[in-house]
Amino acid sequence: MGIRVCVAGATGWTGRAVTGAILASNEFQLVGAIARRQVGTDIGEVLGLERVNLNIVSSLEEALETPTDVLIDYTGPDMVKGRILAALDKGVRVVVGTSGLTASDYADIAQRAEARKLGVIAAGNFSITAALAKHFALIAAQYLPSWEIIDYASAAKIDAPSGTTRELAEELAAISKNHLSVPIEDTHGPKEARGAAIEGTQVHSIRLPSYIIAFETIFGLPDERLSIRHDAGSGAEPYVSGTLLAVRKVLEVNGLVRGLDRLLFLV
């Protein structure tokens, strides 16, 4: 029968690519599709595929009337935390690709997952190449004392910084303390020009038309610098394989795992 999966955000930019891959696979079984639009319509037809006899529903409660092993969430930051906690309370493991959750949110999620003895895998970016860029940045932080992050996205992206760069900044802090030659409070001029401080890292979020998604970690030393950058293309396919890897792995996890790199490199 395969791993029984429900996708929240099944008709969204990334969610539709993930949902299509699940429908095409013999390893997974799509048992739920949650979306705000086209409720009551067959998800296969909405994706331009054959009819699969599974209608889109508007709520987690309705979706989980069918036995489910894993919830994949690719929605928005406003309701994702409540949905994750509700899924755990129903005995369902969760893979989270939604941005906008804070370290405090994840602390609450970790506590609930541990209490329920269930797994949650969350990543700001499920792209394999983005996971490599993050991994390389964490290695560099062991040897280079100063860095900043630039976070690029389209003008329509409502969360800033992205989940990818927030996750990276928080994990850099666990590697080493970022050294600032001039403390932010001593800045002459608007302090906001130096970006937002996230766990000791200055993060600069650019939101403009023609950008898609990218992040760049810049390390500086006297007379040299290192830039580690990841640029996403215009399609959602890069996020599919990492998401499905997380669906397989979350069945073996108890508690919270943050970052696709932790699955790839067992860190």
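**Close-up views of pockets, a helix and loop residues**

**View 1. Thirteen residues line the second largest pocket of this predicted model.** Nearest the centre of this pocket lie Ser-146, Glu-148, His-179, Leu-180 and Ser-181. Two or more lining residues come from each of the elements β6 and β9. The volume of the second largest pocket is about 170 Å³. By residue class, its lining comprises five nonpolar, six polar and two charged residues.

**View 2. The largest pocket holds about 1300 Å³ of space.** Its lining consists of 42 residues, and those closest to the pocket centre are Trp-13, Tyr-74, Thr-75, Gly-76 and Thr-98. Helices α1 (13–24), α3 (60–63) and α4 (80–89) each contribute at least two residues to this lining. In the lining of the largest pocket, 20 residues are polar, 15 are nonpolar and seven are charged.

**View 3. Helix α7 covers residues 163–175.** The 13 residues of α7, at 1.5 Å a residue, should span 18 Å; the C-alpha atoms at its ends are 19 Å apart, so the model agrees with the expectation. The helix is mostly covered, with ten of its 13 residues buried. The buried residues are Gly-163, Thr-164, Thr-165, Arg-166, Glu-167, Leu-168, Ala-169, Glu-170, Glu-171 and Leu-172.

**View 4. Ala-160 and Pro-161 are joined by a cis peptide bond.** The omega angle of this bond is about -5 degrees. Pro-161 belongs to the loop that runs between β6 (147–153) and α7. Most peptide bonds are trans.

**View 5. Asp-223 is another residue other than glycine with a positive phi.** The phi value of Asp-223 is near 70 degrees. Asp-223 sits in the loop between β9 (213–221) and β10 (224–231). With a relative accessibility of 85%, Asp-223 counts as exposed. Most residues other than glycine have a negative phi.

Note on methods: Residues are numbered from 1 along each chain as its sequence is written. This is a predicted model: local features need pLDDT of at least 70, side-chain atom pairs count only at pLDDT 80 or more; totals for chains, interfaces and linings use all residues. Side-chain values use heavy atoms; hydrogens and water are left out. Helices (H or I, at least four residues) and strands (E, at least two) are DSSP runs, numbered from the N terminus. The expected span of a helix is 1.5 Å times one less than its number of residues. Buried means under 20% relative accessible area, exposed over 50%, partly exposed in between (1.4 Å probe, protein chains only). On a 1 Å grid over the protein atoms alone, a cavity is a set of points where a 1.4 Å probe fits but cannot get out, and a pocket is an open set with protein on both sides within 12 Å along at least five of seven lines; lining residues have an atom within 4 Å of a point. Grid points are joined across faces, edges and corners, and a volume is the space filled by probe spheres set on the points. Ala, Val, Leu, Ile, Met, Phe, Trp, Tyr, Cys and Pro count as nonpolar, Asp, Glu, Lys and Arg as charged, and the others, Gly among them, as polar.
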